[in-house]
Amino acid sequence: MGETPRLTGDAASGRLAVGGAWSLGGGDPFLAPAVPAGAWREAVLDGSALTALDTSGAYALLQRLKAAGIDPGALRYEGFDARQLGVLRLVAERWPQEGAPALRPAPGLLHRLGYGAEQTRIHLLGLLAFLGRFAVEAARLLAHPRRFRVREWVVQLQAVFVDAIPLVVAMVFLLGVVFAYLLGFQARQYGANIFVVDGVTLAVCRELSPVIVAILVAGRSGAAMTAQLGTMKVTEEIDAIAVQGLSPFDVLVTPRILALLLALPLLVFVGDVAGLLGGMFTVRGQLDIGYTLFFDRLSSVLTTDTFLVGIVKAPVFALFIGLIACRMGLVVARDARAVGFATTSTVVQSIVSVILLDALFAILQVRLGI
Amino acid sequence: MDAGAAAPVIEVRGLVTRLGGAAIHDGVSFAVPGGKVVALIGGSGSGKSVLLKVIIGLLRPAAGSVRLFGEEVWALPEDDLNRLRRRVGMLFQDGALFSSLTVAQNVMAPLEEHTRLAKPGRREVARLKIALADLPASAADKLPNELSGGMRKRAALARALALDPELLFLDEPTSGLDPIAARAFDRLVRSLCDNLGISVFLVTHDLDTLLGICDEVVVLGRGKLLGQGTLADIRRIDDPWIRDYFAARSTLEA
């Protein structure tokens with residue numbers, strides 16, 4: 001072991017001698033010296049000084065012989081044992097085809113830009129088609145309500161809504177605390193303490209709760225849905241559902257999207273309550289606004305409009321999160337890496353679409369004067 | 001062949017394996033001689049794949065000893081076990097190729113970790129192993145999911161051969177292959193064994209593999225060793241499962 005491969009020649013006697021370890025355990029056989037200059041046709045190849053020979057070493061050795069214009073078949077082999085000759089024979093028999101395939105050239109910037117744009121176009125069209133498919137399936141479901149998979153829907157509702165409540169409460173409560181504290185800090189300087197209640201209420205109910213809850217659900221449930229459907233696709237479970245005469249869309253996609261559609265508004269409501277509680281505790285401690293005063297102010301600030309503006313966004317967010325998550329799961333290529341890519345992509349796409357939709361809602365509200 | 005090949009490469013003594021309370025192996029003992037193709041057969045659920053995992057050091061047995069090249073697998077510290085594993089190649093049932101790497105990269109992965117080969121050398125070795133496994137050179141830059149089942153098996157074999165193992169484990173090498181590809185794969189395994197002196201230990205359900213290339217057969221059943229020996233020895237054993245097993249193809253045998 002560890003001996004460097006040697007290849008020496010004695011021109012006078014017409015003998016080539018290989019020695020050392022021509023194997024992966026020794027030095028790098030592909031860095032071994034070339035055949036020394038000389039006329040070696042029909043020479044003797046002496047292997048008695050070989051300490052090791054494996055397929056890689058044999059390949060490197062034969063490469064060197066061929067590079068010197070020697071036909072390994074015309075040599076006489078001496079000092080090799082049966083196994084070493086077997087190795088040489090097998091490697092010579094299964095010589096790799098010449099002309100290794102050219103490595104794919106790395107695409108240029110323009111190429112990547114164009115490719116990315118085209119992929120995005122295809123992707124958006126696919127999402128639109130998926131939305132259409134969901135609309136058709138939902139309409140069919142209205143016509144045949146008995147086809148609705150109640151059990152799967154309930155299971156999903158449990159996972160998306162019930163199990164998410166502690167997380168949502170904790171997150172939005174803390175946001176309410178932070179927001180009230182920072183606002184109170186500023187408002188106190190102008191003696192506008194009571195308006196902190198207005199600020200917290202509007203911020204939590206109109207923006208913070210819907211957007212944060214949607215992002216949490218996208219990261220939590222959207223990713224889980226993509227990973228689950230993607231893995232089912234990889235293991236051909238989705239094909240198995242189709243072969244049994246069931247529609248994978250009915251069985252898997254519709255219950256998930258409908259569960260999200262119900263769960264998200266409920267979670268936003270939970271978030272509203274948690275955020276307001278966070279604000280309430282903060283203003284009491286920081287600005288001496290008692291609970292009674294807080295609720296008194298709240299009843300005039302928290303109009304039905306304010307509450308609804310936040311709540312109506314939720315199903316729209318939910319629809320897009322569900323569509324993206326289920327579609328990414330179903331279009332996964334059949335390997336482990338693709339599931340990871342699709343899951344990441346779901347989270348990114350869902351969050352981007354939630355923010356874009358929220359911006360759209362903001363514009364709409366300004367135009368409608370709500 | 002040479003005299004050293006007679007020493008057993010695998011020695012299993014009094015092996016007891018339990019999975020979730022159920023005894024899979026209950027006192028299994030056998031030895032696999034070097035330089036031969038030895039098959040492990042047994043009915044479904046007789047613990048063949050589990051035995052393979054125990055031998056290769058992936059699953060700890062409840063009792064008994066497993067020796068690879070004379071070294072006690074389950075008494076070795078992690079480093080020594082990994083050193084031992086470098087002398088062994090394993091072909092998993094579904095290939096278990098790394099799906100994010102091309103075939104050439106799959107073959108080069110163990111070379112990068114365990115040898116001092118420079119990059120051009122690694123690429124050369126990958127080209128050689130791909131050719132040794134009877135894959136076209138064009139397969140080298142493909143990803144595993146772009147290959148057919150038979151090609152995936154060959155790619156996995158190329159990876160298993162990367163470090164020139166002395167012992168090759170094959171888990172159902174011909175399952176999922178058509179008979180033509182299966183026989184070609186058998187011949188490939190046999191020629192590797194004959195030319196390179198590799199010992200081969202394979203789990204199989206394929207009677208043709210058994211009849212075509214195996215020197216010896218180890219039979220597992222009901223958690224015990226039912227027998228070991230040449231095919232003729234095995235057929236003489238009076239056991240209902242073995243009778244049914246060989247009867248399953250007697251119509252084709254002349």
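Predicted model: local features only at pLDDT ≥ 70, side-chain atom pairs only at ≥ 80, totals over all residues.
## Chain A overall

Chain A contains 11 helices and four strands, and buried residues make up 36% of its 370 residues. Among the contacts in chain A with a separation of 6 or more, 85% are accounted for by residues 24 or more positions apart.

## The contact between the chains

Chain B brings 30 residues to the contact and chain A brings 29 residues. On the side of chain B that touches chain A, the elements giving two or more residues are helix 4 (119-132) and helix 6 (179-196) of chain B. Helix 4 of chain B gives the most to this side, with nine residues. Sorted by class, the side of chain B that touches chain A has 14 nonpolar, nine polar and seven charged residues.

## Helix 2 of chain A

Helix 2 of chain A covers residues 82-93, and its 12 residues reach 16 Å from the first C-alpha to the last, which is close to the 16 Å expected at 1.5 Å a residue. Its buried residues are Gln84(A), Gly86(A), Val87(A), Leu88(A) and Val91(A). An α-helix has 3.6 residues a turn, so residues three or four places apart point the same way.

The buried residues of helix 2 pack against elements of both chains, namely strand 3 (44-53) and helix 1 (55-67) of chain A together with helix 4 and helix 6 of chain B.

## Nonpolar cores

The largest nonpolar core has 97 residues, and those with the most contacts inside it are Ile130(B) and Val200(B). Leaving aside residues up to four places away in sequence, Val200(B) touches Val37(B), Val38(B), Leu168(B), Leu170(B), Val189(B) and Cys193(B). Another core lies apart from the largest one and has 59 residues, among them Ala164(A), Val172(A), Cys205(A) and Met328(A).

## Two residues with positive phi

Most residues other than glycine have a negative phi. Glu236(A), although it is not a glycine, has a positive phi of about 65°, and its place is in the loop between helix 6 (195-234) and helix 7 (237-243) of chain A. Glu236(A) counts as exposed because 12 other C-beta atoms lie within 10 Å.

Asp134(B) is likewise not a glycine and has a positive phi of about 70°; its place is in the loop between helix 4 and helix 5 (149-160) of chain B. Asp134(B) counts as partly exposed, because it has 17 C-beta neighbours inside 10 Å.

Methods:
Residues numbered from 1 in each chain as written. Chains lettered and ligands numbered in written order. Buried ≥ 20, exposed ≤ 12 C-beta atoms within 10 Å, placed from the backbone. Contact = placed C-beta atoms within 7 Å. Nonpolar A, V, L, I, M, F, W, Y, C, P; charged D, E, K, R; others polar. Core = buried A, V, L, I, M, F, W, Y, C linked by C-beta atoms within 7 Å. Expected span 1.5 Å × (residues − 1).
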